[in-house]
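The following note is written for a colleague who is meeting this structure for the first time. The points are numbered so that each may be checked against the structure in turn.

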Amino acid sequence: MPVYRHIYRPYSGRLTPAWSRSLVLTRYGLAEAWSSKITIALFTLCFLPVIVSLFGIYLVNNPLARVLLGAQRPQVFTIDAEFFLHDLQAQSWLALALASWVAPRLITFDLADNALPILLSHPISRFTYLLGKFLALFASLSVVTWIPCLLLFAYQGYSSPGAWASAHLGIAGGLFLGAVLWITLLSLLGLALSSWVKLRVVATGVIFAAVFVPAGVGAVVSAVLRTRWGFLLNVPVMMTLLWQRLLDAPGISGADLPTGAILLTLLLVCCVCLGVLNARIRAREVVHG
Amino acid sequence: MAVIDLEGLEVRLGNRVVLDALTGALEGRAIGLLGPNGAGKSTLINTLLGFYPPTRGTARVFGLDAYRDRAQIRGKIGYMPENDSFIGNMSGVAFVRYMAELAGLPRREALERAHEALFYVGLGEVRYRVVNSYSLGMKQLIKLAQALAHGPRLLILDEPTNGLDPVARQRMIQLIGEIGRQGDVRILISSHLLRDIDEICDEVLILKAGRIVALSNIERERRSNRSFVELETMELLPHSTDRFAAAARARGCECACFPAGRIKLVLPDNTESRDLYRLASEHGLEIRRLHQRRDSLEDIFLRAMDGGSAIVGAPEAAATEDARRPTHAGL
């Protein structure tokens, strides 16, 4: 159907492999998410703690710079697991803000305009659709979590005298694993709640609420029943404990929960999110009766 | 090979049987899917797209199992849903390109085909506007454009003229007819508007309460040029219509009775109009008007709705197919 002739012609060219279709969804998802100025602003904001940490590492490893800044003590602070734990925490909570803005943009437009019947009538499965959206969100969150954290680690390894990096490889592993666990949870939670709520602004609020409201409830449960298990509803506490253990950093949280219980709770949350997505991402709703 | 082949297809949604033992082979270039609301037209389309698994039997599209081989089938299909279905904040060309890429076209080809498809359906001038700003008619056309962009072998159109004004409807019908005639595309069109189906299709499948009540090759019906007689009658004696119909059938006529004394008959070679007057007189029926006309889709539809059981017919198909299988309509 050439433009000038206005006739229909069938397509006989090559086709892309089936596995690459989820990347099409990822590409269009990223384009949609990053077309917003608020996304750009949030993304920029996410790098402020990284810049501060970068300056800190530079300062610690550069005595001349310390003297020029008028520092009295030879060492302002040390670059250790605790330093990177604070970095990871800062990046992770900023990632929550970014996820709560980006996730609804990936899903709600499709749901609000009822695009799923058309999207899923193409040779893609529901799994491919979700994988594409998940990858878009996961990639966006990776850029503000484990990637800058590992770059800081690499910079510290490069700047410090001796074999600092090889002696502290556990920190790098902990940063990567801790961040990946968190952004996987955030991605699934963000997509599930966005598919459930449909309205973009409300979905953003609901994602925040899903993290902080159970935390409040958990704190009340722990205080009233005098039990530590209430913290299993408290995602910030659970993640902080998990990150501490992964980085082998000194405890900064008063709570104590077994690692197995934390992982099991996170797994349960992920399963519930997948259940919601399975129920909501359908070309057609089945009316039982 | 039949475009669509149904064998005892049953689909349940919850506890409800929505499609019940559908059997038939659809071979036409443009197939019409007719039926009242709730007959199962959209469920059949969704089953062919692999959205609903059959609870019993099979549905095949181009010989492929509609559920098991759904990914392959979807690559060959262009689907235009009944309701609004698009991504409103995208421009027309971006949306159609996106859909073409999902169908497997490389980026460059997808963009090229998106432009072509939009010009083809008449949206060339507005292709950079966001879809949300389109009128209802334009939204229908962009759904058609995205269904065409990847060059499908089968175009499934669910109520394509829904909500269109007469001019836009005519344009849409013209376009669909043109696609059917020009390319290698087969068309399955679902509509409750008989006129749409009559203008485009050469085969029609009529559903009622989840069952096939007629599967008719309209083109063959038209070609057969059979002589139909339509009577308007008044009963002089109780049940005289039934007795008249029975006597007519005994003489080899095909006969269907409708409310308000309307009777339609196909006369065999040895029967003439005056024989009908004689039969009517013998059975206490007064013929008030008689006119001879050709069968129309409306007749097939009304009869199917009135009867409820499958209307079967074409001799060559009936001879080869299973007796259970409805083929092409008679009467």
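What distance separates the centres of domain 1 of chain B and domain 2 of chain B, taken over C-alpha atoms? The centres are 37 Å apart. The model under review is a predicted one.

1. Domains of chain B. The domain assignment divides chain B into domain 1 and domain 2. Domain 1 is made of two segments, 4-88 and 137-220, while domain 2 covers residues 227-293.

2. The sheet of chain B. Four strands of chain B form an open sheet in the order β2-β1-β4-β5, with antiparallel pairing. Its edges are β2 (16-26) and β5 (64-65), each of which pairs on one side only. Strand β1 (residues 4-13) runs antiparallel to β2(B), and seven bridges join the two. Within this part of the model, B:Arg12 is found opposite B:Val17, a residue of β2(B). Helix α1 of chain B (residues 41-48) packs on the sheet and touches β1, β2 and β4 (56-61). The direction of helix α1 makes about 110° with that of β1(B).

3. Salt bridges overall. How many salt bridges are counted over all chains? The count comes to 19. Side chains of opposite charge can pair when their charged atoms come close.

4. A pair in chain A. A:Asp256 and A:Arg245 form a salt bridge, with 3.0 Å between the closest N and O atoms. A:Asp256 lies in the loop between α12 (235-247) and α13 (259-280) of chain A, whereas A:Arg245 belongs to helix α12, so the pair ties together parts that are eleven residues apart in sequence. A:Asp256 counts as partly exposed because its relative accessibility is 43%. A:Arg245 is likewise partly exposed, at 32%.

5. A pair in chain B. Are B:Asp196 and B:Arg169 buried or exposed? Both residues are buried. Their side chains meet in a salt bridge with an N to O distance of 2.7 Å. This pair links distant parts of the chain, 27 residues apart: B:Asp196 is in helix α7 (residues 194-200) and B:Arg169 is in helix α6 (residues 166-182).

6. B:Glu286 and B:Arg288 are joined through their side chains by a salt bridge of 3.0 Å, N to O. B:Glu286 is partly exposed, with a relative accessible area of 30%, and B:Arg288 is exposed, with 55%. There is also a network in which salt bridges with shared partners join B:Arg251, B:Asp275, B:Arg278 and B:Glu282.

Conventions: Residues numbered from 1 in each chain as written. Chains lettered and ligands numbered in written order. Predicted model: local features only at pLDDT ≥ 70, side-chain atom pairs only at ≥ 80, totals over all residues. Heavy atoms only, no water. Domains from an automatic or database assignment. Salt bridge = Lys/Arg side-chain N within 4 Å of Asp/Glu carboxyl O. Buried < 20%, exposed > 50% of the residue type's maximum accessible area, 1.4 Å probe, protein only. Pairing = 2+ DSSP bridges. Contact = heavy atoms within 4.5 Å. Axes fitted to C-alpha atoms, helices over the stretch in contact; angles between N-to-C directions.
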